[in-house]
Amino acid sequence: MKTFYVSTAGNDDWSGSLPRPQHDGNNGPFASLARARDMIRTLKAASQLPPGGIEVVVAGGEYALREPLTFTDKDSGTADSPVVYRAAQGETVRLSGGVQITDWDPIDDQDTLSQMHPDARGHVLQADLRAHGVSDFGTMTTAPGPGRSDPGLELFFRNQPMTLARYPNEGYLHIASLSVDDGHNIRGARGSHVGRFRVAEERDRLQRWAREPGLMLHGYWFWDWSDQRIAVTAIDPETGEITLDESHPHGYGYRAGQWFYAFNLLCELDRPGEWFLNRDTGILYFWPPAASGSHDVEADNLKAGDVTISVLRAPVTFDQVSHVTLQGFTLEATRGTGITVKEGEDIRIAGCTLRNLGGDAVHIEGGQRHAVSDCDIYRTGDGGIMLAGGDRCTLTPGRHEAVNNHIHHIARWNPVYKVGIQLTGCGNRAAHNRLHDLPHIAIGFTGNDQVVEYNEIYQSVTRANDAGAIYTSGAGPEDWSMRGHRIRFNFLHHLYGFDGEGCSGIYLDDMFSGTEIFGNILYRVYKGFLLGGGRDILSENNVFIDCPCSISLDARALGWAAFSMPDVIAGLKSMPYREEPWASRYPELVNILENEPGVPKGNVIARNIFRGGKGNNIEPEAKPGLRMGNNLNDEDPCFRDASRMDFRLRKDSRAWKLGFEPIPVEQIGPRITDLRPRLPVRQLIETEMIVERPPLFRARRFVHPGILRLRVRNVGDEADSCVIHLHVSGGHLSDGDPISCSLAPFETVERKCELLADAQALRLTAVREGVDGVVGALEAEATDEAITPWPAALRVSKPIPGIGRLDTLDRPPPTDTLQWHRVDDAPPRGHFFNVYKALNTTGEADSAIFFGCRVQCAEPMRAAVLLGYDGPVKLFLDDTAVFYDPDGAPPAQPDRAAPEIDLSRGEHELILALSAVNGPAWGIFMRLMRTDLDNNHEAELAPVLPQILSE
């Protein structure tokens, strides 16, 4: 083996054959990796590589990359003579695509000071970037679509990314109302295609915004899984109306109540850690955070290396290169993806730290057997490791691997659909990785024969809900040809979704099929598996602990997702699924189009352990094609030590008799290797909220507080200090102060407090200060002594065409002429009567669906009909209209309306017409409450309530 050396004390005119400069200054190491690369290229051109290959040893220090470090086929090694670039043993080598900013001055320009927040004056410093040789600042323009924004230049202070000045500093603003009603509607959710809306912010703030030409908004404009950064073209401070740039309007449109924040505003630079760049003048403004003790850092105290801005876009590229290793480097401060590999074989990125990058960490496309291993990846603008390889048509595996990596706190700029590890193509693998604190997907996969195994994932999907920690995303829409995947021996835990509203551990979306899910452990995951109408899915030998829903299996291709079936079939037909090797590898596909293709068949749920939670949710239409058996349902599985998250089974567990196989827990997560001598520390706080006594209502008036018990537990590897904030939607706490505690591993503290309610439905979330996402969530309901239980059943009619607008409907059709069906469904909070469950349709646009029930009254009374609905509705009592809402406000929420009615003694009929005129109707909530009772909560006698009769 031949060795070259590189050092910050080196010289590219030297031979590179010595690790240190000679005393006479005539020879020594190279000064750059580019020079070492060129020397190897020259040697290759003159003769073969030496036996054992070539090693380039790089001494510690920072190496500024002013130009991309590009490798081509001329730089390849061979299997017997590889080329290795590595950091010297025990030394830190930093490859930086940035420029250090050293000359800072106070601001003395009065016009600039007048634009700034009063709190910032005297603390913000300025620097001229052009004087530092930087003139390419990037642009602040509307992104061409969700997740496609480019941060351009970014600022890092002592290796931490700083915040481009924004408002609010934390959290979001909300769209108060839309300015244009153009009838836009997506499955009952009404919005507008036009980006004009009003906000409730004060006029003075909007006037300041209107004076800044570069104002941008980053919002989740219609759904909470589709974000986009859009420029503002106009602001009316008087009305609060904001107009967005129309060059790239949001594809789903805009909806009232959705959230966003404003950024790129000098006037909102109001706290340490924020910065702003005037792209016309090249002047950078920055409020440096204090290291400790003082309010901020003064200009004289800023040292060389404190502030770096990103400049280089594509720092390291391998194009048609084979048998080369990068080992032990830190790559940082770039605007784009850190390392790009195209084609070639056996490129290895090993033991590296990739941080503070504007794009992905590593992007591999094509080729064979490339690997990213033992790397630490964090604070990227986009995702982590993207692996695309293999040939789907021939089912030739790519054999790319992402192994033993620690990936966390990524996707800070584009938070949605930027993935920790992405597998596309055929035959690639993600194993033994730890992924956490991710705004969206931890591991995404599509294609064929991908392997996801031995990974630990927690605190992911913190900025979205309709997604999974392991999710089918990355290469176009899902279809039946994407199969042969194995998801096994992963530990998924503490996954709650955005604001605690829900996400899935493993999510096979929109008829994704042919996947083996075996031996995974899921603990405190909002929904364990979501199987979206697919076929041939094996869910075996998994463990679910304290998951509100363990497995959800639906038949969406027979209902609301039927519209996507042509795309699913087209994806199948794009592959040679009836030819070899497909016919032997996936025999279920050969005759799938003649075998009720929309029906979820061949699915298996067997030998799983379900402990805690509320069970599974299997749609009736999915049950005939499902085989279930030998599952251990909410029986003590005899875990070794559940209190310490040790979910291995003792020998006396009855699960062994059901055929359960041991899960190799000891192999899950990162492993100690030569390049990872220490395991990454797990820092994790969990909370548990228990409503020991719910708040009490009487006739919709709050009369008595409930009792909430909060447990905070450290489930990390080391002692941890934390501050927990409790938030209650629909109520508040008598003692709402944050909880501060310092906890040893697996130590627990508790607090009790009174829970007061402003509404029947309560939503409690716990947030750890300084950590994105919630650390606990609970949906609860205040009790009401004057309200009926949720009905056990309702009748629903087939859609009746021609009366969808309901405004001319004076009375419902005779009940004996309606074709009634019974609807049963009971989600955790409330009773949603779902049209799909009975009819597999929601009707055409100009149609109405009728719900009916009979009510028995033992005495005369006045009652409110508590309704939730997702479209225009009209309520009839004994054939007389008593309530009409021509708009509706999807999605359906319990108790949104409460029309009052007088009921005489005896039996009455309630009919509710739900219109599909503005899109498909989904269903309703309904129950009754007496409103003519005394509000004295100390009354001992229970009120006489109306009785909803079973049909």
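How do the residues of the lining of the second largest pocket divide into nonpolar, polar and charged? The model is predicted, so local features need pLDDT of at least 70 and side-chain atom pairs count only at pLDDT 80 or more, while totals for chains, interfaces and linings use all residues. Residues are numbered from 1 along each chain as its sequence is written, and side-chain values use heavy atoms, without hydrogens and water.

**View 1. Lining of the second largest pocket.** Six nonpolar, eight polar and seven charged residues form this lining; Ala, Val, Leu, Ile, Met, Phe, Trp, Tyr, Cys and Pro count as nonpolar, Asp, Glu, Lys and Arg as charged, and the others, Gly among them, as polar. Of the 21 lining residues, Gly328, Gly351, Asp674, Leu675 and Pro677 lie nearest the pocket's centre. A pocket is an open set of points on a 1 Å grid over the protein atoms alone, where a 1.4 Å probe fits, with protein on both sides within 12 Å along at least five of seven lines; lining residues have an atom within 4 Å of a point.

**View 2. Surroundings of Tyr85.** Tyr85 touches residues including Leu33, Arg37, Phe71 and Phe329, not counting residues up to four places away in sequence; contact means heavy atoms within 4.5 Å.

**View 3. Lining of the largest cavity.** Among the 13 lining residues, Arg94, Phe156, Asn159, Thr308 and Glu332 are the closest to the centre. In a cavity, the probe fits but cannot get out. This lining comprises two nonpolar, six polar and five charged residues.
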